Amino acid sequence: MFEERRGNNCCLPDAGHVFNVPGTMESCPTYFCLSPQDRLLLLKRRACCLLATISLLAGVVVRGQDVAAEKKAEPPRVAMCVPLGVPAGETTKMVVRGWALDTATEVRSSSPQIVFKVLSAASVAVPNGQDAKQVGNTQLELEVTVVEGVEPCDVTLTVVAPTGESPAHALLIGSVHPLVADSEPNDGFRQAQPIQTPQAVDGQIHGDKNVDVFSFDLADPQSVTIEVLARRHGSGLDSLLTVFDHRGKIVAVNDDHDGTTDSRISAELAAGKYFISLQDAHDHGGPAHPYRLVIQRMQ
Ligand SMILES: [Ca+2]
Ligand SMILES: [Ca+2]
């Protein structure tokens with residue numbers, strides 16, 4: 001500790017005061033009041049402070065470089081394909097949504113009968129109120145060619161970028177049931193999209209509070225299952241499925257089934273007209289809410 005010498009009008013500050021004086025030591029009015037020993041001690045302490053500051057700054061710089069390197073090195077990951085599936089025997093356009101896809105150069109297929117061509121790669125907005133960790137913030141536009149005669153199956157795609165390769169992601173190819181796309185507007189009973197049984201529909205809840213409504217007719221009493229594939233294939237959709245009779249009375253409803261947020265209804269139905277309503281359980285929608293709806297008769 002410094003010595004206080006009040007006798008010669010030199011009042012020495014404590015160590016904390018000395019080190020907090022800005023500028024040079026000469027600017028400190030008390031510096032010239034110090035004894036040679038105190039000046040040496042002061043110099044040593046200031047040297048220690050200087051070294052500590054340099055070390056701290058160097059650490060911040062190195063950490064910043066590490067964070068930048070980690071961010072730059074992030075490999076691509078796929079959240080979902082929109083639509084969730086493509087038909088066989090055609091060339092169609094598809095969007096792959098996920099993370100770090102904007103530098104992708106190639107998309108590889110697990111089958112030589114399915115070929116992907118990258119049309120564009122870019123960052124994209126996260127829909128309002130949704131989580132980028134779930135719905136992704138980058139996307140690829142692809143052209144998908146499936147040769148004629150390919151049996152319905154799951155194929156996997158792998159996105160290749162300078163930062164690495166994505167884990168394989170499943171894409172539905174074709175369908176064992178007749179496949180159609182959802183057709184807007186289909187937002188209510190009066191705009192219901194007619195479908196057959198059995199039928200598969202590749203669709204999308206296009207926006208917040210949007211509902212897709214389908215109608216079907218049974219000539220005879222039937223046991224049917226109606227199932228939604230969505231979250232299991234990476235979609236942001238948390239499906240809510242409801243079946244109504246021709247009077248608008250609810251026959252069955254399901255939110256989550258078998259440990260997923262996807263929905264499934266099995267019901268024995270009398271002959272007549274029915275409506276299926278499909279929406280998001282949280283009223284969300286947008287480009288990250290694709291689904292496949294499947295209706296079939298139970299065996
Ligand atoms: Ca709709
Ligand atoms: Ca659900």
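## The model as a whole

What you are looking at is a predicted model. Its average pLDDT is 87, and 80% of the residues reach a score of at least 70. One stretch to treat with care is residues 1-29, where the pLDDT is below 50. Beyond near neighbours in sequence, that stretch has 25 contacts in the model.

The protein has 299 residues, and 30% of them count as buried. Three helices and 19 strands are found in it. If you take the contacts between residues at least 6 apart in sequence, 65% of them join residues at least 24 apart.

## The nonpolar core

Which residues have the most contacts inside the largest nonpolar core? They are Val96, Leu140, Val159 and Tyr291, in a core of 51 residues. At least three residues of this core come from domain 2 (77-173), and at least three from domain 3 (179-297).

Setting aside neighbours within four places in sequence, Val96 touches Val78, Cys81, Leu101, Gln139, Leu140, Leu142 and Val159. Two of these partners, Leu140 and Val159, are again among the residues with the most contacts inside the core.

In what order do the strands of the open four-stranded sheet run? The order is 1-3-6-5, and the pairing is antiparallel. Strand 1 and strand 5 (114-123) form the edges, each pairing on one side only. On average, neighbouring strands in this sheet are turned by 30° against each other, direction ignored.

Inside the sheet, strand 3 (residues 91-99) and strand 6 are joined by eight bridges in the antiparallel sense. To find one of these pairings, look for Val95, whose bridge partner in strand 6 is Glu141.

Val147 sits in the loop between strand 6 (138-146) and strand 7 (153-161). Is Val147 buried or partly exposed? Val147 is partly exposed, because 13 other C-beta atoms lie within 10 Å.

## Strand 15 and its partners

Strand 15 (residues 239-245) is mostly covered, with six of its seven residues buried. It pairs with strand 18 over seven bridges and with strand 16 over four bridges, in the antiparallel sense in both cases.

Phe244 shows both pairings at once: its bridge partner in strand 18 is Phe275, while in strand 16 it is Ile250. Strands 15 and 16 also make a hairpin, with four residues between them. In the turn of that hairpin, Gly248 has a positive phi of about 90°.

Most peptide bonds are trans, and most residues other than glycine have a negative phi.

Pro198 belongs to the loop between strand 11 (193-194) and strand 12 (199-204).

Two aspartates have a positive phi. For Asp258 the value is near 55°, and this residue is in the loop between strand 16 (250-254) and strand 17 (264-269). Asp258 counts as exposed because it has 7 C-beta neighbours inside 10 Å, where 12 or fewer is the cut-off. Asp283 has a phi of about 65° and lies in the loop between strand 18 (272-280) and strand 19 (290-297). With 15 other C-beta atoms within 10 Å, Asp283 is partly exposed.

Note on methods
Residues are numbered from 1 along each chain as its sequence is written. Chains are lettered from A and ligands numbered from 1 in the order in which they are written. This is a predicted model: local features need pLDDT of at least 70, side-chain atom pairs count only at pLDDT 80 or more; totals for chains, interfaces and linings use all residues. A nonpolar core is a set of buried Ala, Val, Leu, Ile, Met, Phe, Trp, Tyr and Cys residues joined through C-beta atoms within 7 Å. A residue is buried if 20 or more other C-beta atoms lie within 10 Å of its own, exposed if 12 or fewer, and partly exposed in between; C-beta atoms are placed from the backbone. Domain bounds come from an automatic or database domain assignment. Two residues are in contact if their C-beta atoms, placed from the backbone, lie within 7 Å. Two strands pair if DSSP finds at least two bridges between them. Axes are lines fitted to C-alpha atoms, for helices over the stretch in contact, and angles run from 0 to 180 degrees between N-to-C directions. pLDDT is the predictor's confidence in each residue, from 0 to 100.
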